[in-house]
Amino acid sequence: MSSVLFRQANVLDVKNRDIKKNTDVLVKDGVITAIAGHIAEAADQVVDAAGLYLAPGAIDMHVHTSWDGTAISEDMDEMYGPFQAFLRSVQTVESTLKGGVTTIRDVGAPVDLAYETALAVQKGWIKGSRVIPCGSAIQSIYGHVPSIGTIANTKDELLVAIRQKKKLCVKNAIKCQWIKIMDTGGAAGLEDIGPSMYDQEQLQFIVHEAHRLHMKVAVHAVSIEGIIECIKAGIDTIEHGPDIPDEYLDMMKEKNLTLVPTLGIYKILSESADSLPAFIVERSAMVTRQQRDTFARAMKRGVRIALGTDAGSPNWGPHPVAFKEMLVMEDYGMSREDVIASGTITAAEVLGMADEIGSIDIGKRADLLLLSGNPYEDLHVFTDGLIRVYKDGDPF
Ligand SMILES: [Zn+2]
(Lines give C-alpha, C1' and ligand atoms only; values in the text may rest on other atoms or scores of the structure.)
Protein backbone atom coordinates (compact mmCIF):
# COMPACT_ATOMS: atom_id res chain seq x y z
CA MET A 1 0.00 0.00 0.00
CA SER A 2 1.28 3.49 -0.84
CA SER A 3 0.00 6.67 0.74
CA VAL A 4 0.31 10.42 0.26
CA LEU A 5 -0.69 13.05 2.79
CA PHE A 6 -1.30 16.62 1.66
CA ARG A 7 -0.81 18.91 4.65
CA GLN A 8 -2.85 22.09 5.18
CA ALA A 9 -4.00 22.66 1.60
CA ASN A 10 -6.78 25.00 0.55
CA VAL A 11 -9.07 22.38 -0.95
CA LEU A 12 -11.51 23.29 -3.72
CA ASP A 13 -15.02 22.05 -3.05
CA VAL A 14 -16.30 22.24 -6.62
CA LYS A 15 -19.76 20.94 -5.73
CA ASN A 16 -20.46 23.80 -3.34
CA ARG A 17 -18.33 26.34 -5.21
CA ASP A 18 -16.36 26.75 -1.99
CA ILE A 19 -12.91 26.25 -0.45
CA LYS A 20 -12.03 24.23 2.64
CA LYS A 21 -9.08 26.11 4.11
CA ASN A 22 -6.04 24.54 5.82
CA THR A 23 -7.17 20.98 5.26
CA ASP A 24 -5.31 17.66 5.25
CA VAL A 25 -6.09 15.13 2.51
CA LEU A 26 -4.97 11.52 2.78
CA VAL A 27 -4.62 9.28 -0.27
CA LYS A 28 -4.15 5.54 -0.07
CA ASP A 29 -3.57 3.39 -3.13
CA GLY A 30 -4.84 6.14 -5.38
CA VAL A 31 -8.06 6.79 -3.48
CA ILE A 32 -8.89 9.67 -1.12
CA THR A 33 -9.50 8.09 2.28
CA ALA A 34 -9.67 11.05 4.65
CA ILE A 35 -10.21 14.82 4.55
CA ALA A 36 -9.91 16.73 7.84
CA GLY A 37 -8.41 19.75 9.56
CA HIS A 38 -5.67 17.53 10.91
CA ILE A 39 -4.92 13.90 10.08
CA ALA A 40 -2.59 12.21 12.58
CA GLU A 41 -1.92 9.11 10.47
CA ALA A 42 1.56 8.70 9.00
CA ALA A 43 2.00 8.44 5.23
CA ASP A 44 4.76 7.28 2.86
CA GLN A 45 4.93 10.72 1.35
CA VAL A 46 3.97 14.05 2.91
CA VAL A 47 3.34 17.09 0.73
CA ASP A 48 3.51 20.41 2.55
CA ALA A 49 0.67 22.26 0.83
CA ALA A 50 0.38 25.18 3.24
CA GLY A 51 -0.67 28.26 1.30
CA LEU A 52 -1.28 26.16 -1.83
CA TYR A 53 -4.52 25.03 -3.46
CA LEU A 54 -5.71 21.55 -4.29
CA ALA A 55 -8.22 21.15 -7.15
CA PRO A 56 -9.69 18.05 -8.74
CA GLY A 57 -8.14 17.09 -12.09
CA ALA A 58 -9.96 18.64 -15.02
CA ILE A 59 -12.20 16.65 -17.36
CA ASP A 60 -12.55 17.44 -21.07
CA MET A 61 -15.62 15.96 -22.72
CA HIS A 62 -14.55 16.59 -26.31
CA VAL A 63 -11.03 15.68 -27.37
CA HIS A 64 -9.56 14.18 -30.54
CA THR A 65 -6.44 12.49 -29.23
CA SER A 66 -5.20 11.52 -32.69
CA TRP A 67 -4.97 15.11 -33.91
CA ASP A 68 -2.41 17.60 -32.65
CA GLY A 69 -3.87 20.94 -33.71
CA THR A 70 -1.18 21.68 -36.28
CA ALA A 71 -3.11 21.21 -39.53
CA ILE A 72 -6.51 20.51 -41.02
CA SER A 73 -7.42 17.27 -39.28
CA GLU A 74 -8.60 15.30 -42.27
CA ASP A 75 -5.46 16.14 -44.26
CA MET A 76 -3.36 14.86 -41.35
CA ASP A 77 -5.25 11.54 -41.31
CA GLU A 78 -4.95 11.10 -45.06
CA MET A 79 -1.29 12.03 -45.28
CA TYR A 80 0.07 9.99 -42.38
CA GLY A 81 -2.36 7.09 -41.88
CA PRO A 82 -3.61 5.24 -38.80
CA PHE A 83 -0.29 4.18 -37.26
CA GLN A 84 0.91 7.76 -36.94
CA ALA A 85 -2.55 8.71 -35.71
CA PHE A 86 -2.18 6.19 -32.89
CA LEU A 87 1.27 7.51 -31.97
CA ARG A 88 -0.13 11.03 -31.85
CA SER A 89 -2.90 9.75 -29.58
CA VAL A 90 -0.31 8.32 -27.19
CA GLN A 91 1.57 11.60 -27.18
CA THR A 92 -1.68 13.50 -26.59
CA VAL A 93 -2.70 11.61 -23.46
CA GLU A 94 0.75 12.14 -21.99
CA SER A 95 0.85 15.90 -22.59
CA THR A 96 -2.81 16.23 -21.57
CA LEU A 97 -2.15 14.63 -18.21
CA LYS A 98 0.96 16.71 -17.73
CA GLY A 99 -1.18 19.80 -18.33
CA GLY A 100 -3.65 18.90 -15.57
CA VAL A 101 -6.50 17.29 -17.51
CA THR A 102 -6.81 13.88 -15.93
CA THR A 103 -9.81 12.46 -17.82
CA ILE A 104 -10.82 13.00 -21.44
CA ARG A 105 -13.52 11.66 -23.71
CA ASP A 106 -12.18 10.95 -27.19
CA VAL A 107 -15.05 11.73 -29.55
CA GLY A 108 -13.59 10.44 -32.76
CA ALA A 109 -10.37 8.98 -34.09
CA PRO A 110 -9.46 6.78 -37.11
CA VAL A 111 -9.94 3.01 -36.98
CA ASP A 112 -11.41 3.01 -33.46
CA LEU A 113 -7.89 3.57 -32.11
CA ALA A 114 -8.99 5.40 -28.95
CA TYR A 115 -10.09 2.06 -27.44
CA GLU A 116 -6.45 0.98 -27.66
CA THR A 117 -5.17 4.22 -26.13
CA ALA A 118 -7.68 3.85 -23.30
CA LEU A 119 -6.58 0.27 -22.64
CA ALA A 120 -2.87 1.15 -22.71
CA VAL A 121 -3.43 3.89 -20.10
CA GLN A 122 -5.55 1.59 -17.97
CA LYS A 123 -2.90 -1.14 -18.05
CA GLY A 124 -0.12 1.34 -17.29
CA TRP A 125 1.64 0.56 -20.58
CA ILE A 126 1.68 4.29 -21.24
CA LYS A 127 1.31 7.22 -18.85
CA GLY A 128 -1.53 9.51 -19.65
CA SER A 129 -4.98 10.88 -18.98
CA ARG A 130 -7.82 8.42 -18.45
CA VAL A 131 -9.55 8.02 -21.82
CA ILE A 132 -13.26 7.47 -22.38
CA PRO A 133 -13.27 6.35 -26.02
CA CYS A 134 -16.15 6.73 -28.46
CA GLY A 135 -14.25 4.97 -31.22
CA SER A 136 -14.69 6.32 -34.71
CA ALA A 137 -17.75 8.50 -35.20
CA ILE A 138 -20.82 6.87 -36.72
CA GLN A 139 -22.04 8.85 -39.72
CA SER A 140 -23.94 8.55 -42.97
CA ILE A 141 -22.25 8.49 -46.35
CA TYR A 142 -22.86 12.23 -46.41
CA GLY A 143 -20.37 12.62 -43.61
CA HIS A 144 -18.36 14.97 -41.45
CA VAL A 145 -14.65 14.11 -41.24
CA PRO A 146 -15.07 10.58 -42.68
CA SER A 147 -11.41 9.87 -41.88
CA ILE A 148 -12.54 9.34 -38.28
CA GLY A 149 -15.85 7.74 -39.24
CA THR A 150 -17.75 4.49 -39.29
CA ILE A 151 -20.21 4.79 -42.18
CA ALA A 152 -23.74 3.56 -41.43
CA ASN A 153 -26.71 4.60 -43.55
CA THR A 154 -29.52 2.17 -42.77
CA LYS A 155 -31.02 0.94 -39.52
CA ASP A 156 -29.32 -2.43 -39.98
CA GLU A 157 -25.96 -0.78 -40.53
CA LEU A 158 -26.48 1.40 -37.46
CA LEU A 159 -27.23 -1.67 -35.38
CA VAL A 160 -24.00 -3.32 -36.53
CA ALA A 161 -21.96 -0.15 -35.94
CA ILE A 162 -23.27 0.32 -32.38
CA ARG A 163 -22.72 -3.33 -31.49
CA GLN A 164 -19.19 -3.17 -32.91
CA LYS A 165 -18.42 -0.34 -30.50
CA LYS A 166 -19.97 -2.37 -27.68
CA LYS A 167 -17.73 -5.29 -28.56
CA LEU A 168 -14.63 -3.07 -28.45
CA CYS A 169 -15.67 -1.65 -25.06
CA VAL A 170 -16.06 -5.15 -23.65
CA LYS A 171 -12.81 -6.38 -25.20
CA ASN A 172 -10.82 -3.46 -23.79
CA ALA A 173 -12.53 -3.39 -20.38
CA ILE A 174 -14.00 0.08 -20.95
CA LYS A 175 -16.60 0.61 -18.23
CA CYS A 176 -17.78 4.09 -19.17
CA GLN A 177 -19.22 3.46 -22.62
CA TRP A 178 -20.10 6.08 -25.21
CA ILE A 179 -20.66 6.30 -28.92
CA LYS A 180 -20.42 9.39 -31.07
CA ILE A 181 -22.48 10.19 -34.11
CA MET A 182 -22.03 12.94 -36.68
CA ASP A 183 -25.47 14.32 -37.48
CA THR A 184 -24.56 17.45 -39.43
CA GLY A 185 -21.67 18.92 -41.35
CA GLY A 186 -19.10 21.12 -39.66
CA ALA A 187 -17.33 24.41 -40.02
CA ALA A 188 -14.05 22.86 -41.16
CA GLY A 189 -15.50 20.40 -43.69
CA LEU A 190 -16.31 20.91 -47.35
CA GLU A 191 -19.83 19.52 -46.93
CA ASP A 192 -22.93 21.60 -46.14
CA ILE A 193 -23.48 22.16 -42.44
CA GLY A 194 -27.15 21.80 -43.41
CA PRO A 195 -29.57 18.93 -42.93
CA SER A 196 -29.74 16.28 -40.24
CA MET A 197 -27.92 13.28 -41.71
CA TYR A 198 -30.26 10.88 -39.94
CA ASP A 199 -34.04 11.14 -39.75
CA GLN A 200 -35.94 11.21 -36.46
CA GLU A 201 -36.73 7.51 -36.52
CA GLN A 202 -33.05 6.62 -37.04
CA LEU A 203 -31.88 8.98 -34.30
CA GLN A 204 -34.37 7.49 -31.85
CA PHE A 205 -33.25 4.05 -32.89
CA ILE A 206 -29.59 4.97 -32.19
CA VAL A 207 -30.47 6.26 -28.71
CA HIS A 208 -32.67 3.26 -27.97
CA GLU A 209 -30.09 0.69 -29.02
CA ALA A 210 -27.19 2.44 -27.28
CA HIS A 211 -29.10 2.92 -24.02
CA ARG A 212 -30.32 -0.66 -24.14
CA LEU A 213 -26.65 -1.72 -24.22
CA HIS A 214 -25.82 0.68 -21.33
CA MET A 215 -24.01 3.08 -23.62
CA LYS A 216 -24.54 6.80 -23.96
CA VAL A 217 -24.56 8.91 -27.10
CA ALA A 218 -22.72 12.09 -28.05
CA VAL A 219 -23.65 13.94 -31.22
CA HIS A 220 -21.87 16.45 -33.41
CA ALA A 221 -24.68 18.87 -34.29
CA VAL A 222 -23.99 22.28 -35.78
CA SER A 223 -27.01 23.24 -37.92
CA ILE A 224 -30.29 24.20 -36.28
CA GLU A 225 -32.17 21.49 -38.23
CA GLY A 226 -29.82 18.81 -36.97
CA ILE A 227 -29.68 20.11 -33.41
CA ILE A 228 -33.48 20.10 -33.08
CA GLU A 229 -33.76 16.52 -34.36
CA CYS A 230 -31.06 15.37 -31.93
CA ILE A 231 -32.71 17.06 -28.95
CA LYS A 232 -36.08 15.55 -29.88
CA ALA A 233 -34.44 12.12 -30.05
CA GLY A 234 -32.94 12.58 -26.58
CA ILE A 235 -29.24 12.32 -27.41
CA ASP A 236 -27.26 12.55 -24.17
CA THR A 237 -24.71 15.20 -25.09
CA ILE A 238 -25.21 17.79 -27.81
CA GLU A 239 -21.70 18.70 -29.00
CA HIS A 240 -21.19 22.25 -30.34
CA GLY A 241 -24.95 23.02 -30.60
CA PRO A 242 -24.38 26.65 -31.53
CA ASP A 243 -27.94 27.59 -32.42
CA ILE A 244 -30.68 26.33 -30.09
CA PRO A 245 -34.10 28.03 -29.82
CA ASP A 246 -35.41 28.58 -26.28
CA GLU A 247 -38.12 25.92 -26.50
CA TYR A 248 -35.48 23.32 -27.34
CA LEU A 249 -33.22 24.48 -24.51
CA ASP A 250 -36.23 23.83 -22.28
CA MET A 251 -36.65 20.41 -23.88
CA MET A 252 -32.98 19.64 -23.18
CA LYS A 253 -33.57 20.44 -19.54
CA GLU A 254 -36.71 18.32 -19.39
CA LYS A 255 -34.95 15.36 -21.01
CA ASN A 256 -31.83 15.85 -18.86
CA LEU A 257 -29.55 16.40 -21.87
CA THR A 258 -26.23 18.21 -21.71
CA LEU A 259 -24.72 20.90 -23.91
CA VAL A 260 -20.99 20.55 -24.61
CA PRO A 261 -20.52 23.90 -26.34
CA THR A 262 -16.84 23.81 -27.48
CA LEU A 263 -16.61 27.60 -27.74
CA GLY A 264 -12.86 28.09 -28.09
CA ILE A 265 -12.36 26.12 -31.31
CA TYR A 266 -14.80 28.24 -33.34
CA LYS A 267 -13.33 31.43 -31.91
CA ILE A 268 -9.82 30.30 -32.94
CA LEU A 269 -10.98 29.17 -36.39
CA SER A 270 -12.74 32.49 -36.93
CA GLU A 271 -9.43 34.25 -36.13
CA SER A 272 -7.33 32.02 -38.45
CA ALA A 273 -7.63 33.94 -41.73
CA ASP A 274 -3.86 33.76 -42.22
CA SER A 275 -3.64 29.96 -42.07
CA LEU A 276 -7.02 28.51 -43.09
CA PRO A 277 -9.33 28.71 -46.14
CA ALA A 278 -11.76 31.63 -46.10
CA PHE A 279 -14.90 29.44 -46.02
CA ILE A 280 -13.80 27.84 -42.73
CA VAL A 281 -13.07 31.24 -41.20
CA GLU A 282 -16.44 32.63 -42.34
CA ARG A 283 -18.48 29.65 -41.17
CA SER A 284 -16.71 29.70 -37.82
CA ALA A 285 -17.40 33.40 -37.36
CA MET A 286 -21.10 32.68 -37.88
CA VAL A 287 -21.00 29.76 -35.42
CA THR A 288 -19.20 31.95 -32.86
CA ARG A 289 -21.91 34.61 -33.07
CA GLN A 290 -24.60 31.97 -32.56
CA GLN A 291 -22.69 30.34 -29.71
CA ARG A 292 -22.39 33.52 -27.67
CA ASP A 293 -26.16 33.92 -27.83
CA THR A 294 -27.09 30.28 -27.21
CA PHE A 295 -24.57 29.87 -24.39
CA ALA A 296 -26.05 32.84 -22.52
CA ARG A 297 -29.62 31.60 -22.97
CA ALA A 298 -28.68 28.03 -22.01
CA MET A 299 -27.12 29.28 -18.75
CA LYS A 300 -30.14 31.45 -18.00
CA ARG A 301 -32.55 28.56 -18.56
CA GLY A 302 -30.48 26.18 -16.44
CA VAL A 303 -29.39 23.73 -19.14
CA ARG A 304 -26.54 21.55 -17.92
CA ILE A 305 -23.28 22.60 -19.57
CA ALA A 306 -20.14 20.43 -19.51
CA LEU A 307 -16.72 21.56 -20.65
CA GLY A 308 -15.51 20.22 -23.98
CA THR A 309 -12.87 21.67 -26.26
CA ASP A 310 -12.47 19.87 -29.60
CA ALA A 311 -8.76 19.81 -28.73
CA GLY A 312 -6.59 18.68 -31.63
CA SER A 313 -8.70 20.45 -34.27
CA PRO A 314 -6.94 23.00 -36.54
CA ASN A 315 -4.98 25.64 -34.57
CA TRP A 316 -6.44 24.29 -31.31
CA GLY A 317 -3.41 22.79 -29.68
CA PRO A 318 -1.06 21.71 -28.31
CA HIS A 319 -2.96 19.47 -25.90
CA PRO A 320 -4.48 20.24 -23.45
CA VAL A 321 -6.65 23.27 -24.19
CA ALA A 322 -9.28 22.74 -21.48
CA PHE A 323 -8.04 25.70 -19.45
CA LYS A 324 -8.08 27.92 -22.55
CA GLU A 325 -11.70 26.84 -23.05
CA MET A 326 -12.41 27.87 -19.46
CA LEU A 327 -11.23 31.41 -20.26
CA VAL A 328 -13.61 31.60 -23.24
CA MET A 329 -16.50 30.32 -21.11
CA GLU A 330 -15.75 33.02 -18.57
CA ASP A 331 -15.47 35.62 -21.32
CA TYR A 332 -18.93 34.56 -22.62
CA GLY A 333 -20.47 35.19 -19.22
CA MET A 334 -20.18 32.09 -17.05
CA SER A 335 -18.98 32.59 -13.47
CA ARG A 336 -15.56 31.12 -12.64
CA GLU A 337 -17.19 28.84 -10.08
CA ASP A 338 -19.55 27.41 -12.71
CA VAL A 339 -16.78 27.16 -15.29
CA ILE A 340 -14.69 25.06 -12.90
CA ALA A 341 -17.68 22.88 -12.02
CA SER A 342 -18.44 22.30 -15.72
CA GLY A 343 -14.91 20.95 -16.22
CA THR A 344 -14.90 18.78 -13.11
CA ILE A 345 -17.98 17.59 -11.23
CA THR A 346 -20.56 18.31 -13.95
CA ALA A 347 -18.48 16.49 -16.56
CA ALA A 348 -18.07 13.56 -14.16
CA GLU A 349 -21.83 13.41 -13.65
CA VAL A 350 -22.51 13.48 -17.38
CA LEU A 351 -19.97 10.71 -17.97
CA GLY A 352 -21.63 8.66 -15.24
CA MET A 353 -18.41 8.64 -13.20
CA ALA A 354 -19.29 11.05 -10.38
CA ASP A 355 -18.72 8.34 -7.78
CA GLU A 356 -15.08 8.07 -8.97
CA ILE A 357 -13.87 11.44 -10.23
CA GLY A 358 -14.78 15.14 -10.52
CA SER A 359 -14.34 16.36 -6.97
CA ILE A 360 -12.14 15.97 -3.90
CA ASP A 361 -14.21 13.66 -1.73
CA ILE A 362 -13.60 10.57 0.34
CA GLY A 363 -13.81 7.44 -1.78
CA LYS A 364 -12.93 9.15 -5.05
CA ARG A 365 -9.78 8.64 -7.08
CA ALA A 366 -6.99 11.05 -6.19
CA ASP A 367 -6.91 13.00 -9.44
CA LEU A 368 -5.52 16.23 -8.05
CA LEU A 369 -3.91 19.47 -9.16
CA LEU A 370 -1.56 21.25 -6.77
CA LEU A 371 -1.82 24.96 -7.56
CA SER A 372 0.04 28.03 -6.33
CA GLY A 373 -3.05 30.25 -6.25
CA ASN A 374 -6.82 30.29 -6.07
CA PRO A 375 -8.48 29.48 -9.43
CA TYR A 376 -11.78 30.92 -8.15
CA GLU A 377 -9.99 34.28 -8.31
CA ASP A 378 -8.16 33.75 -11.59
CA LEU A 379 -8.53 30.81 -14.00
CA HIS A 380 -5.00 31.37 -15.32
CA VAL A 381 -3.80 29.66 -12.13
CA PHE A 382 -4.58 26.30 -13.78
CA THR A 383 -1.81 26.90 -16.31
CA ASP A 384 0.54 29.49 -14.80
CA GLY A 385 0.27 28.16 -11.25
CA LEU A 386 0.22 24.40 -11.86
CA ILE A 387 2.83 22.88 -9.54
CA ARG A 388 2.08 19.18 -9.86
CA VAL A 389 -0.52 16.80 -11.27
CA TYR A 390 -1.59 13.58 -9.53
CA LYS A 391 -3.61 10.85 -11.19
CA ASP A 392 -4.81 7.99 -9.01
CA GLY A 393 -2.47 9.43 -6.39
CA ASP A 394 0.62 9.16 -8.60
CA PRO A 395 2.52 12.38 -9.30
CA PHE A 396 3.18 13.23 -12.92
ZN1 LIG B 1 -14.91 17.30 -32.47
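Tutor: F86, S89, V90 and V93 in helix α1 meet A114, E116, T117 and V121 in helix α2, where contact requires C-beta atoms, placed from the backbone, within 7 Å. Helices here are DSSP runs of H or I with at least four residues, strands are E runs of at least two, and both are numbered from the N terminus. By class, this contact has 5 nonpolar, 2 polar and 1 charged residues; Ala, Val, Leu, Ile, Met, Phe, Trp, Tyr, Cys and Pro count as nonpolar, Asp, Glu, Lys and Arg as charged, and the others, Gly among them, as polar.

The model is predicted: local features need pLDDT of at least 70, side-chain atom pairs count only at pLDDT 80 or more, and totals for chains, interfaces and linings use all residues. Residues are numbered from 1 along each chain as its sequence is written.

The axes of α1 (residues 73-98) and α2 (residues 114-123) come within 10 Å and cross at roughly 45 degrees; they are lines fitted to C-alpha atoms over the stretch in contact, with angles from 0 to 180 degrees between N-to-C directions. The crossing of α1 and α2 is right-handed, the near helix being turned clockwise from the far one by less than a right angle.

The chain is divided into domain 1 (3-55 + 360-395) and domain 2 (58-351), with bounds from an automatic or database domain assignment. Their C-alpha centres lie 30 Å apart.

Definitions and conventions
Two residues are in contact if their C-beta atoms, placed from the backbone, lie within 7 Å.
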